[in-house]
Amino acid sequence: MEIDVLTLFPGMFQALDYSIVKRAKEKGLVTLRLWDIRDYTEDRHRTVDDTPYGGGAGMVMKPDPVYRALQAVQASSATPGRRVILMTPQGRPFDQRVARELAAEERLIFICGHYEGVDERVRTLMATDEISIGDYVLTGGELPAMVVIDAVVRLIPGVLGSELSAEEDSFEDGLLEYPHYTRPRVFQGVEVPEVLLSGNHEAIRLWRRKESLRRTRLRRPDLLAAAQLTEEDRRLLQEIEAEERAQAEGNLQGP
Ligand code: ADE
């Protein structure tokens, strides 16, 4: 996948020089190109922002340097850049489904906004997509773009060590993931659940599915309500509910 980022702060993207994204770049599965929007200004002061028409506080990012940068970006590769993503808190909420959708593209172009806002014509003339990483306002689009790039890159086939590990992630089937354990078997008096040591693959699979359901029910009932559940899932949920009722009764009776 080819990824181009238009930003005022290319240095921030050093954060992607670690771990899995770094490995993906080294393996040639991802090419990341950073473009400094300031290089596409035409005045002596290299101005990228200006005061808002109509007045008001703050500065607005000018459209013309972004436009020239985007033309250079589009011309720099033979792969058509069909997705031009503006990072903005007003965008489509980012989630694992959007990550999968973007992971299927051959090329992604990100525009990182700054200041109080970006001139509306960047939105209407240049962006094909607008993405938000959550209902809070950051100082710029760089961290959000890195969040999206990280989530997308790990879904590209061959990037993760085992293809299975992405499929078992939280959210891939609409549920949160089951708890993980590694050595030591007893840590600070807390034991690893017996079933995980049993070597019984079917029992382990059922335990994991049940804990995944339990955790989602407890922490994200909204996800559970939207998930596609199997007959087995419904049976496991009934067991969980029965366990909870038994526990509540036990608590009422006291010691
Ligand atoms: N830029 C500033 N805040 C943002 C957010 N929450 N998501 C995407 N881009 C942003």
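**Ligand site, domains and selected residues of the predicted model**

A backbone N or O atom of L138 is placed 3.0 Å from a nitrogen atom of the ligand. Taken alone, the ligand exposes 260 Å², of which the protein buries 96%; accessible areas come from the Shrake-Rupley method with a 1.4 Å probe, and for residues only the protein chains shown count as cover. The model is predicted: local features need pLDDT of at least 70, side-chain atom pairs count only at pLDDT 80 or more, and totals for chains, interfaces and linings use all residues. Residues are numbered from 1 along each chain as its sequence is written, and side-chain values use heavy atoms, with hydrogens and water left out.

For Y136, a backbone N or O atom is 2.8 Å from a nitrogen atom of the ligand, and for T88 the corresponding distance is 3.1 Å. The residues around the ligand, taken as those with a heavy atom within 4 Å of it, are M87, T88, P89, I131, S132, I133, G134, Y136, V137, L138, G140 and P144. By class, this shell holds eight nonpolar, four polar and no charged residues. In this classification Ala, Val, Leu, Ile, Met, Phe, Trp, Tyr, Cys and Pro count as nonpolar, Asp, Glu, Lys and Arg as charged, and the others, Gly among them, as polar. Strands β5 (83-93) and β8 (129-132) each supply at least two residues of the shell, and the largest share, three residues, comes from β5. Helices (H or I, at least four residues) and strands (E, at least two) are DSSP runs, numbered from the N terminus.

The protein is divided into domain 1 (2-153) and domain 2 (186-253), with bounds from an automatic or database domain assignment. The C-alpha centres of domain 1 and domain 2 lie 41 Å apart.

H114 is located in the loop between β6 (107-112) and β7 (117-118). With a relative accessible area of 13%, H114 is buried; buried means under 20% relative accessible area, exposed over 50%, and partly exposed in between (1.4 Å probe, protein chains only). The side chain of H114 makes a polar contact with the side chain of E142 at 2.9 Å, and the side chain of H114 also reaches the backbone oxygen of T139 at 3.2 Å. A polar contact is a pair of N or O atoms within 3.5 Å; within protein, one must be able to donate a hydrogen and the other to accept it, and residues adjacent in sequence count only if both atoms are side-chain atoms. When residues up to four places away in sequence are not counted, H114 touches L8, F9, M61, T139, G140 and E142, where contact means heavy atoms within 4.5 Å. G140 is also one of the residues around the ligand.

Strand β6 contains L108, which is buried at 1% relative accessibility. L108 and R83 are 25 residues apart in sequence, and their C-alpha atoms are 5.5 Å apart in space. Neighbours within four places in sequence aside, L108 is in contact with M1, E2, I3, D4, R83, I85, L102 and V152.

I3, one of these contacts of L108, belongs to strand β1 (residues 2-7) and is likewise buried, with a relative accessible area of 1%.

Q96 is part of helix α3 (residues 96-103). Q96 counts as buried, at 16% relative accessibility. Not counting residues up to four places away in sequence, Q96 touches L155, F171 and E172.

Backbone geometry was also examined. S19, in helix α1 (residues 19-26), has a phi near 55°, a positive value in a residue other than glycine. S19 counts as exposed, at 56% relative accessibility. A positive phi of about 50° is likewise found at Q188, which is not a glycine. Q188 sits in the loop between β9 and β10 (190-191) and is exposed, with a relative accessible area of 70%. The peptide bond from R183 to P184 is cis, with omega near 5°; P184 lies in the loop between α6 (163-167) and β9 (186-187).
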